[in-house]
Protein chains: 2
Amino acid sequence: MTSFPVHYSGPTLGEVGEHRAIEEIIAAAPSSRNGDDAAVLSHASPNSRGVATTDMLIQGRHFSLDWSRPEEIGMKAIVQNFADIEAMGARPIAALLAVSAPADTPLVIIRDIASGIASRVRDYSAELVGGDLTSGDELVLSVTAIGSLGGSHPALSLDRARFNQHVVAHGRLGWSAAGLALLKRYGRQEVPRQFAPLVDAHCAPYLNPGRGVVARATGATCMTDNSDGLVVDLSTIARRSAVGIDLFAAAIAPDPLLCGAAELLGADPWEWILAGGEDHTLLATTFGDPPSGFRAIGQVIRGQSVTIDGQAPRYGHGWVSF
Amino acid sequence: MTSFPVHYSGPTLGEVGEHRAIEEIIAAAPSSRNGDDAAVLSHASPNSRGVATTDMLIQGRHFSLDWSRPEEIGMKAIVQNFADIEAMGARPIAALLAVSAPADTPLVIIRDIASGIASRVRDYSAELVGGDLTSGDELVLSVTAIGSLGGSHPALSLDRARFNQHVVAHGRLGWSAAGLALLKRYGRQEVPRQFAPLVDAHCAPYLNPGRGVVARATGATCMTDNSDGLVVDLSTIARRSAVGIDLFAAAIAPDPLLCGAAELLGADPWEWILAGGEDHTLLATTFGDPPSGFRAIGQVIRGQSVTIDGQAPRYGHGWVSF
């Protein structure tokens, strides 16, 4: 049975009932498209294709209310799903939220998750267009993101990395894992102030919206996001594209903040960078200059594995569910 | 903690791991669109709009492995989501499946749920295009359906029932609730043979694909599906459209099979018909003749409530989650 931190008070879902709770969600994340059997999206632009992805988040496994505010959980749920849309070179346009929650869940938690979702979908000019709310033993969020892929050239797929392309990245590497390590050691309140950006990167990641569309428009061919771990996610590209990837150690080396956190915790910052995941940093390959907002971090080479300055990575194992 | 009927044997999710389990799901429900960060759907037809809906199903609340085969659970998850797409007058084109399951879940259960999904999406020429698999304490399925609404006239919304329209239905009424009542009394094996169609209606509902598109093309303006209960769902139309709805008792009266089950159980078949829900029968309003596959069951009148031959219904209370 889920339990909730004591500082979330007020009426519970069981007390207010399903209809009132749904009203609160819709008030927190309003959309004129919500409230019918299904949501009707905008007219598709000519020659466009829909893009869809889904992720499930479970309290105690994917997030903790001891560490994260409910708004942050909503924000993170959107960013991780929208990063998958962007990783196809598409524009996120809508999200759906299905929630299962125990009857003793404070209503304010669900409402604030919806507020966090609303704030992040607004960053993308997208909307929360529908959902479902039901009772269960665990707090489970299932977010689906829908995007639009304009124009007729291919999506940025995992199998289109080509020999001699640059490997480019938009976003931080290792910050989310460092933030998680700090939270595990100290709890949210006690993490030393200077490391707040790392904690924020874990609890409420942010990516500049639109980078996937920009990368596709300027010639990138392949993209993913750093969700399971840098080496794991790039290894997927390497395998699917039948190429090797060599990363430049200097381009992904830990910054002073990561080094400081690592020193404090007695950890190796390279583990966070190479195996951490959850940064949702966009990783792409392109023959041209890095697209706006991206920096070069490596090169597509012949081979079939991921190396760093030609060496096997010290850390490679990423997130697995079972 | 979820427990599983003993006759599901073989390796568990915890034993085979996430990757193997996902391979089994994809093998059971193949799609060339699956396997990247997000799924790219077909090119949208000119002037079309996307339509999306989601539903979450939890073991022990929305389905029971004691009563339903895993294939049936997959079938039902698709039909209830696709009925919501059809209820907009749209054509279902894709589904996504997020699953949370305990590590001791037999792999065969997940694979067979995917097989059931595959068989029903095929009925609609749709595909299971993506999903997520994670570990949790409960078996939770979250299905998202995506459809395409062609042409420029409006979707079949809840607020477009008009005075003097016919109320029409495609599908059975009360069969799902009767099947559930029989399962609760007898268990799957012991339900008398002649009532198998009622049990099937509960465990693996089926609707003729395409009825929503046909109804919209022939002039229907408003549609929903019977998911929470006939009176509850039509009351939503009445409230949102600011009309009354009078049902013809003779048109919705229990058929011999329902009467037989009611007699056996000492139940009132009208409760199943009026409050049962989960039939996913399509309910529409139109000025014209009933569209192909639909029958007239009532009339849109002035007022604000649902009546039966002018009388208040004996049963109205439907499904609520909390």
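Colleague: How far apart do the end C-alpha atoms of residues 35-148 of chain A lie?

Modeller: This is a predicted model, in which local features need pLDDT of at least 70, side-chain atom pairs count only at pLDDT 80 or more, and totals for chains, interfaces and linings use all residues. Residues are numbered from 1 along each chain as its sequence is written, chains are lettered from A and ligands numbered from 1 in the order in which they are written, and side-chain values use heavy atoms, with hydrogens and water left out. The span is 30% helix and 39% strand (DSSP runs numbered from the N terminus: H or I of at least four residues for helices, E of at least two for strands). The distance between its end C-alpha atoms is 22 Å.

Colleague: Which feature does UniProt place at residues 35-148 of chain A?

Modeller: The name comes from an unreviewed UniProt entry. UniProt positions are given in the numbering used here, feature names are shortened, and annotations may be inferred rather than shown by experiment. The feature recorded for this span is "domain: PurM-like N-terminal".

Colleague: What is the radius of gyration of chain A?

Modeller: The radius of gyration is taken over C-alpha atoms, and the globule rule is 2.2 Å times the number of residues to the power 0.38. For 322 residues, a compact globule would come out near 20 Å. Chain A agrees with that expectation, because its own value is 20 Å.

Colleague: What share of the residues of chain A counts as buried?

Modeller: Buried means under 20% relative accessible area, exposed over 50%, and partly exposed in between (1.4 Å probe, protein chains only). Chain A contains 10 helices and 11 strands. Of its 322 residues, the buried share is 59%.

Colleague: What is the largest C-alpha distance between the "binding site" residues D55(A) and D84(A)?

Modeller: The unreviewed UniProt entry lists D55(A) and D84(A) under "binding site". They are spread over 30 residues of sequence, yet they cluster in space. D55(A) is in strand β2 (residues 49-58), whereas D84(A) is in helix α2 (residues 70-86). Their largest C-alpha distance is 9.8 Å.

Colleague: Is D55(A) buried or exposed?

Modeller: D55(A) touches residues that include Q80(A), D84(A) and D132(B), where contact means heavy atoms within 4.5 Å. Its side chain also makes a polar contact with the side chain of Q80(A) at 3.2 Å (a pair of N or O atoms within 3.5 Å; within protein, one must be able to donate a hydrogen and the other to accept it, and residues adjacent in sequence count only if both atoms are side-chain atoms). Because its relative accessible area is 14%, D55(A) is buried.

Colleague: Which residues of chain B are in contact with D84(A)?

Modeller: D84(A) counts as buried because its relative accessibility is 9%. Leaving aside neighbours within four places in sequence, its contacts in chain A are T53(A), D55(A) and D225(A). In chain B, D84(A) is in contact with D37(B) and A38(B).

Colleague: Which residue of β9(A) is the bridge partner of D225(A)?

Modeller: D225(A) belongs to strand β7 (residues 222-225) of chain A, where it points the way M223(A) does, and C222(A) and T224(A) point the other way. β7(A) pairs with strand β9 (residues 282-286) in the antiparallel sense over 4 bridges; two strands pair if DSSP finds at least two bridges between them. Within β9(A), the partner of D225(A) is L282(A).

Colleague: Which residue of β9(B) does C222(B) stand opposite?

Modeller: In chain B, strand β7 (residues 222-225) and β9(B) pair in the antiparallel sense over 4 bridges. Strand β6 (residues 166-170) of chain B is also joined to β9(B), by 5 bridges and antiparallel. The residue opposite C222(B) is T285(B).
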